[in-house]
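The entries below follow the order in which I went through it.

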Amino acid sequence: MPDTSPRGLTRLAFGGDYNPEQWPESVWQEDVRLMREAGVTMVSVGIFSWGLLEPAPGAYDFGWLDRVLDLLHSHGIRVDLGTPTVVPPAWFYRAHPEALPVTAEGMRHEFGSRGAICHSNADYRAAAAAITTRLAERYGDHPALAMWHVHNEYGVPVSACYCDNCAAHFRRWLATGYGTVDAVNEAWGTAFWGQHYTALEQINPPRATPTVGNPGQALDYKRFTDATIRENFRRERDILHRLSPGVPVTTNFMTALSQCDSLDYWAWGREVDLVTNDHYLITDGRRTHVNLAMAADLTRSVAGGAPWLLLEHSTSGVNWQPRNPAKAPGQMARNSLAHVARGSEGAMFFQWRQSRRGAEKFHSAMLPHGGTETRVWREVVELGASVDSLSPLRGTRTEADVAVVWDWQSWWAQNLSWRPSEDHDARERADSFYEVLYDRHLTADFAHPEADLSAYPLVVVPALYLATEAAGRNLTEYVRDGGTLVVSYFSGIVDEHDAVHEGPYPGALRDVLGLAVEEFSPLLRDDRVRLSGPDGEELTGDVWTEFVVPRGAETVWSYADGLTAGRPAVTRHRFGRGTAWYVSTRLDTRGLDAVLGLAADDARIAPRTDLPRDVEVVRRSGEQGSYLFAINHTATDAKVPLDAPGTELLTGERAAGRLAVPAGAARVVRLDG
């Protein structure tokens, strides 16, 4: 396979977004001196600088950027060079106000933020291609250039536009995908509520309507929006490939389910040369390190298991949440090394020097307002040395134990209006299932529902409302061939057009699960049901129940009360050489752990009872060797068993038997052999 790592970077990436245009040139020399002190190996430059690079249409000023890149190169710092197409200049919007996006309610956004773009607008596309071309012509072979960074966080904060230009583009997209208006009518079920079209020209985007609109139309518009944005990325990428051959091209994803829900990252992962991701802790009371691990596993999976790069995270607090606590001492290092454990080829931040002005001036940075006498700066310098010591593991891959099936398009469909219960949340189920796997010390890959699952002894499906026939066959064959499958409720219900599969629920998964669902019975807010199971073990469910009829499946837990009392709640179906479990209510993590524990037994996955809770153990391996990461997120010292002796890379000490991991610390052992 071709090398898609940053060109000329021989160490792990360590650094962050560098915005020298916010500072007088007298500060730049201090910046590079401190970068060297901190161990910075790469910075991202130019992401928000279109208005400075092209201050008037067709008039370019590259002098300052020339000096910045030359200065960084002279100090051995590689550059991730941005195309600034996330922020068209004020003069552009003055000339082309129709390039500003329009909401479904008909309101046009104004200039003054970022990412306010109608991606169907031809003038925007032409201007973006022009600035990208000029940058590639000027810097395509610059010795500092490590990779290209197209745009910034596509899909955030605005993805969809509903203007007339988008309406025309949507009709062309439908014509290409469906061919005829009759095919659109069939896919969307327009016979319902008299929505039948006789010409594609009659179709508009799903703008605001008096009540709920057509769900098939709304789902297709999400696909159209994603495809249109991706088309714009490809246009810039292809320019860069042509004018700057051999330099990898990326754009920074936001794969965490807590941060972006408008892009199908399975499709996006195939378009970039190197998968990169931004991740920020969501301080909503959750165990933030679990969300971090989940995002890292999801990003690695989008990369097909290959190494990827954490392009942004924070040194301490952010500024855009209602409450933005600082990170505890040592937390920055734990966060960073957890990403590296799960496949990242480094740890980058937003940003290098903390801004004095603008919307993100209270967002933490590598070099804070308080300068080099701060705790954050001292931890940054220490982390730089730690990351450098891990450079020998470049190119190794994270080892996974299980797989979690996830599909962004199914998430889109489930989130449309008028579902049986607004309390059923696909993200919440994914978070909960993942948390149980995490607490069982199982490293998870994520997988598309139609992907090859044969490598995994256990596959869990937290939420797959939309399941194509191909996905149903894939999961069925996985179990038939010996796999163990766990499926949560309201999965397998509709096809790719949001049409209910023929026959009883759960449609595409009915045969492999060995049951039928006669009726959904969602619970009212705060209602609970008891489940009675093996040896009298009781579990508790909420949000959802179902009238389940076994068709080959055995009942493991039954509903003990409620409308579905006496009916199966959790079932197990021996199918072919494998086993399929079904959970028809929302269990808390204790209940999920009970079910997944039995499923893990079916999959012959031994429990990791030798590891304490919140001590994270992950392996990376390859031709370079095998590396064990142990990250202690607790306030108590811990010990982790080692399969083989080795050298701890952060301290240089030898390790054997049981590895001591101090409270709040991380250790990385290169195992012998």
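**Entry 1, strand 9.** I began with strand 1 (residues 13–18), which pairs with strand 9 in the parallel sense over four bridges. Helices (H or I, at least four residues) and strands (E, at least two) are DSSP runs, numbered from the N terminus, and two strands pair if DSSP finds at least two bridges between them. I noted Gly 346 in strand 9 as the bridge partner of Ala 13. Strand 8 (residues 308–312) also runs parallel to strand 9, joined by two bridges; here Leu 310 stands opposite Ala 347.

I then followed the chain through strand 8, helix 11 (residues 331–341) and strand 9, which make a right-handed β-α-β unit. Right-handed is meant with the strands pointing away from the viewer: the path from the first strand over the helix to the second runs clockwise. Six of the six residues of strand 9 are buried, where buried is under 20% relative accessible area, exposed over 50% and partly exposed in between (1.4 Å probe, protein chains only).

The model is predicted: local features need pLDDT of at least 70, side-chain atom pairs count only at pLDDT 80 or more, and totals for chains, interfaces and linings use all residues. Residues are numbered from 1 along each chain as its sequence is written, and side-chain values use heavy atoms, with hydrogens and water left out.

I found a cis peptide bond between Phe 350 and Gln 351, with omega about -5 degrees. Gln 351 is in the loop between strand 9 (344–349) and helix 12 (375–389). Another cis bond joins Val 156 and Pro 157, with omega about 0 degrees. Pro 157 is in the loop between strand 4 (145–150) and helix 6 (164–178).

His 151 is also placed in the loop between strand 4 and helix 6. Its phi is positive, near 60 degrees, in a residue other than glycine. His 151 counts as buried because its relative accessible area is 3%. Trp 193, not a glycine either, has a positive phi of about 60 degrees, but its relative accessibility is 46%, so Trp 193 counts as partly exposed.

Which side chains make polar contacts with that of Asp 614? I listed Arg 287 at 2.3 Å and His 289 at 2.8 Å. A polar contact is a pair of N or O atoms within 3.5 Å; within protein, one must be able to donate a hydrogen and the other to accept it, and residues adjacent in sequence count only if both atoms are side-chain atoms. Asp 614 is buried, because its relative accessibility is 12%.
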